[in-house]
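Look at the sequence and the structure together. Then read on, one region at a time.

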Amino acid sequence: MTNWTPELRGRSGPLYLAIADALAGDIAGGRLPAGTRLPTHRELAERVGVTVGTVTRAYAEAERRGLIGGEVGRGTYVRHREPPRALPEPASATGDEALIELGLNWPATPPGDPPTQALRRTLESLQHAPQLSELLTYQPPVGLASHREAGAAWMGRFGPAVEPSQVVVCSGGQHAMEVALTALTRPGDTVLTEALTYPGMKVLAGQLHLRLQGVAMDAQGLVPEALEAACQSSGAKLLYCLPTFQNPTGGVMPRERRERIAAVVRAQGLNVLEDDAYGLLLDERPPTLCELVPERGYFIAGVSKLLAPGLRISYLAAPRQELHRLTEAMGLATRMTPPLTAEIAARWIREGTAEALVAGRRREAQERRALAQEVLGEALLPSPLPEGYHLWLRLPPPWRSEAFAAQARKSGVSVTSSEVFAVNTAVAPGAVRVCLGPPSTQALLEKGLRRLRDTLASGPEPLSSIV
């Protein structure tokens, strides 16, 4: 039996939750490995100076979170737990036709499937293109000049005014992240992110042997004072963030907060890798961080969430004097992005097809948000809702995010728990991300949302019935 004693200094709230949180932190930090036998209720109560009932409630809360388990006659042990998946497995991959997918952040496609219709027209046109054979040969790692011009034009719609020579054509947003991280970091470096961040960054950091440090957030996004403190304590030189339609919270950082963050970036000598997957869904956009600190800004503008995921095209821009670093990293990563799909994206941008597709996606997203507001209600969702594809559903006590996601899946709907996004899973909030795009129709979306509402209303089941 371990002589574990929780560190409660600096913790607020009920004592039983403070003990459960301390237990979660020590498990996540490796100080209490799986299989460790914990003190008895009475022993821990005497050690901490609380009642036995308080320890009983703390252990019950830790068991609800899946951290510990009790065995009659043997005591209480730290559970063997698999780490959360980076992303939930799609319902289609499980073969469960009854499961409604609200866990993956796919774009909402309007009726009639306009992207497919646009692709048919473009493929017909390509048959007669004089440069068709050029699309089947090796190209420069950064992309064809005409594709980089289209990328610069696309970025201009998000905000940053860049020259084509600053743009690298990448195979999707995550590839752009990999190229930037390869160019700007070395193994062992610390990268700052929002406390809740895109799961792909967590995966990339592990592959590249980088250390992520989450920075505190509030309703407006990154907290400037917390960012400054993190810079000074970690020595980090790179910040990765999503100020517009933050993933997973859906928040949009207001202009004043962006200006304060930009001031910290300049003062601390940070580089900024800004990911803007959804920005064109917003009618009026505040300036990007890369516009406020262009000399330190690396900007990612993709087409997956706005035009078509299957194109796998994203554009990465760098300060003029730093492009050579991206060029080298791009050559090492994939040699080049497939020119055929880059040509399709470029034509859509040049010919106005992209604008029409974004407008259709925006209208469909607006209708789906209104449906979510109607089904789930203002008691659960803010009004008005953010204009993106996903919602951050905060769970009322005593719900915990992993337990809710598991119970919702039993009810036939998939959502993503906060642990998937938390840089420090020990402090993941009680919330889940709900995506509005995957259902093929609004009727199917409404059915999934009603299942979520009913799951919330039913309350948590005993832990043993959902694991």
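## Helix α5 against helix α13

Which residues in α5 meet which residues in α13? From α5 come P115, A118, L119, T122, L123, S125 and L126, and from α13 come L340, E343, I344, R347 and W348. Contact here means heavy atoms within 4.5 Å. By class, this contact has 8 nonpolar, 2 polar and 2 charged residues. Ala, Val, Leu, Ile, Met, Phe, Trp, Tyr, Cys and Pro count as nonpolar, Asp, Glu, Lys and Arg as charged, and the others, Gly among them, as polar.

This is a predicted model: local features need pLDDT of at least 70, side-chain atom pairs count only at pLDDT 80 or more, and totals for chains, interfaces and linings use all residues. Residues are numbered from 1 along each chain as its sequence is written, and side-chain values use heavy atoms, with hydrogens and water left out.

## How the helices cross

Two packed helices are described by the angle between their axes and the distance between the axes. Helix α5 spans residues 114-126, and helix α13 spans residues 339-351. Their axes come within 11 Å and cross at roughly 110°. The two helices are therefore roughly perpendicular (65 to 115 degrees). Axes are lines fitted to C-alpha atoms, for helices over the stretch in contact, and angles run from 0 to 180 degrees between N-to-C directions. Helices (H or I, at least four residues) and strands (E, at least two) are DSSP runs, numbered from the N terminus.

Helix α13 also meets helix α14, residues 353-376. Here the axes come within 4 Å and cross at roughly 85°. That makes α13 roughly perpendicular to α14. W348, I349 and E351 in α13 meet T353, A354 and L357 in α14. This contact divides into 4 nonpolar, 1 polar and 1 charged residue.

## The sheet

What is the order of the strands in the open sheet of 7 strands? The order is β4-β12-β11-β10-β9-β5-β6, and the pairing is mixed. Two strands pair if DSSP finds at least two bridges between them. β4 (167-170) and β6 (211-215) stand at the edges, each with a single partner strand, so one side of each has no neighbour in the sheet. Neighbouring strands are turned by 20° against each other on average, direction ignored.

Strands β9 (238-241) and β10 (271-275) run parallel and are joined by 4 bridges. Y240 has L273 in β10 as its bridge partner. Helix α6 (145-158) lies across β4, β11 and β12, at about 100° to β11.

## Cavities

A search of the whole structure finds 2 cavities of 30 Å³ or more. On a 1 Å grid over the protein atoms alone, a cavity is a set of points where a 1.4 Å probe fits but cannot get out; lining residues have an atom within 4 Å of a point. Grid points are joined across faces, edges and corners, and a volume is the space filled by probe spheres set on the points.

The largest cavity holds about 50 Å³ of space. Its lining includes H147, V169 and P339. That lining has 7 nonpolar, 4 polar and no charged residues. The second largest cavity has a volume of about 30 Å³. Its lining has 2 nonpolar, 3 polar and 3 charged residues, among them F158, R258 and D276.

## Two backbone exceptions

Most residues other than glycine have a negative phi, and most peptide bonds are trans. H209 has a positive phi of about 60° although it is not a glycine. H209 is found in the loop between α8 (199-207) and β6. The peptide bond from P397 to P398 is cis, with omega near 5°. P398 lies in the loop between β13 (390-394) and α15 (401-410).

Terms used: On a 1 Å grid over the protein atoms alone, a cavity is a set of points where a 1.4 Å probe fits but cannot get out, and a pocket is an open set with protein on both sides within 12 Å along at least five of seven lines; lining residues have an atom within 4 Å of a point. Angles under 35 degrees count as roughly parallel, over 145 as roughly antiparallel, 65 to 115 as roughly perpendicular and the rest as oblique.
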